[in-house]
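Biologist: Could you pick one part of this model and walk me through it closely? Start with the overall picture, then zoom in.

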Amino acid sequence: MKKTVRSPGSATIINAIATGFGSAFGIGLDIKCVAKTISNSIKCENDVGADTGLMELCVKKVFNHYNINDEDFGISLKTQSSLPMASGLSSSSASSNAIVKVVSEIVSQEFNLTPLTDLEIINLAIDASLDAGVTITGSFDDATASYFGGVVVTDNKNREFIIKEKMDEHEILIFMPNFHSKSGDSNVERMRVMAPLVETAYEFACNKDYFKAINLNGLIYASTLGFNSEIAIDALQCGAMASGLSGTGSAFFAIVDERVSDDVCRQWDKYEGRTIKTHVDNVGCSIL
């Protein structure tokens, strides 16, 4: 049996590290996972040369759920990514979601078992990411924005939704500086000092004023983490509707319309890095 699942990344509205409450929305860049059955064992491969530990953990979580022994049944999987790694665009959440979903689909069909529900998939994927040390908060906001698409506002500590809805279709520009930043390595205490300011940005998100939330959150975290907030300010000056830092960096993003898209790209050309054009994703994790 062979199946393919794709799962999009997400961009940050509110980074949950300071307060435990977060918000994110799906973007068009994604990770595709191709999986097929083999006689036994777990074999993982990706197209970016990254460590496969998280991938293996995701498969093991599903096998454990179904009491599958990898000496008796196996899965071979490979991921292909258009998401920059270690950039704050939820590559770990997208990968985990895709892997858990595709393995669940294969195992449930192969053994005539009940497939995992959407939230079971998300929770197993989050548990694997926590075990692998690639997330600080569990990233329920990133995981659900990736899985469902659209925009979410979440209580990450309790893994509960506050808002979950489709997002207006917009073009998204992503600026990738010529360096990476792993969220698991970030200075948590330094970010939590900014909690009172992040709470203000979070109130904007709860009122669905997502653009203001992005702008304020981005300025707070960029200054706290030592990123160049001029990147976001330049985009706003060019007419972007919103711009900010995604996750703990290093990616910045801007929400734009076609009238100002080229202006923002030209302005970002002065920085060391590259600009990627994509869009809001309202589809989420899906079988291809």
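Modeller: First, the bookkeeping: helices (H or I, at least four residues) and strands (E, at least two) are DSSP runs, numbered from the N terminus. By that count the protein chain has nine helices and eleven strands. Its radius of gyration is 19 Å, close to the 19 Å from the globule rule for 288 residues, so the chain is as compact as a globular protein of that length. That radius is taken over C-alpha atoms, and the rule is 2.2 Å times the number of residues to the power 0.38.

Before we zoom in, this is a predicted model: local features need pLDDT of at least 70 and side-chain atom pairs count only at pLDDT 80 or more, while totals for chains, interfaces and linings use all residues. Residues are numbered from 1 along each chain as its sequence is written, and side-chain values use heavy atoms, with hydrogens and water left out.

The C-alpha trace spans about 60 × 35 × 30 Å along its principal axes. Contact here means heavy atoms within 4.5 Å. Among contacts between residues at least 6 apart in sequence, 74% join residues at least 24 apart.

Now the part I'd pick: helix H1, residues 53-65. With 13 residues at 1.5 Å a residue, H1 should span 18 Å, and its end C-alpha atoms are 18 Å apart, which agrees. The expected span there is 1.5 Å times one less than the number of residues. On the inside of things, Leu54, Met55, Cys58, Val59, Val62 and Phe63 of H1 are buried. Here's a handy bit of geometry: an α-helix has 3.6 residues a turn, so residues three or four places apart point the same way. And what lies over those buried residues of H1? The cover includes strand E3 (41-46), strand E4 (74-81), helix H2 (91-110) and helix H3 (118-132). Just after H1, Asn67 takes a positive phi of about 55°.

Ile17 is buried, with a relative accessible area of 8%. Leaving aside neighbours within four places in sequence, the contacts of Ile17 include Ile136, Val188, Met191 and Tyr221. Ile17 and Val188 are 171 residues apart in sequence, yet 7.0 Å apart in space, C-alpha to C-alpha.

Technical notes. Buried < 20%, exposed > 50% of the residue type's maximum accessible area, 1.4 Å probe, protein only.
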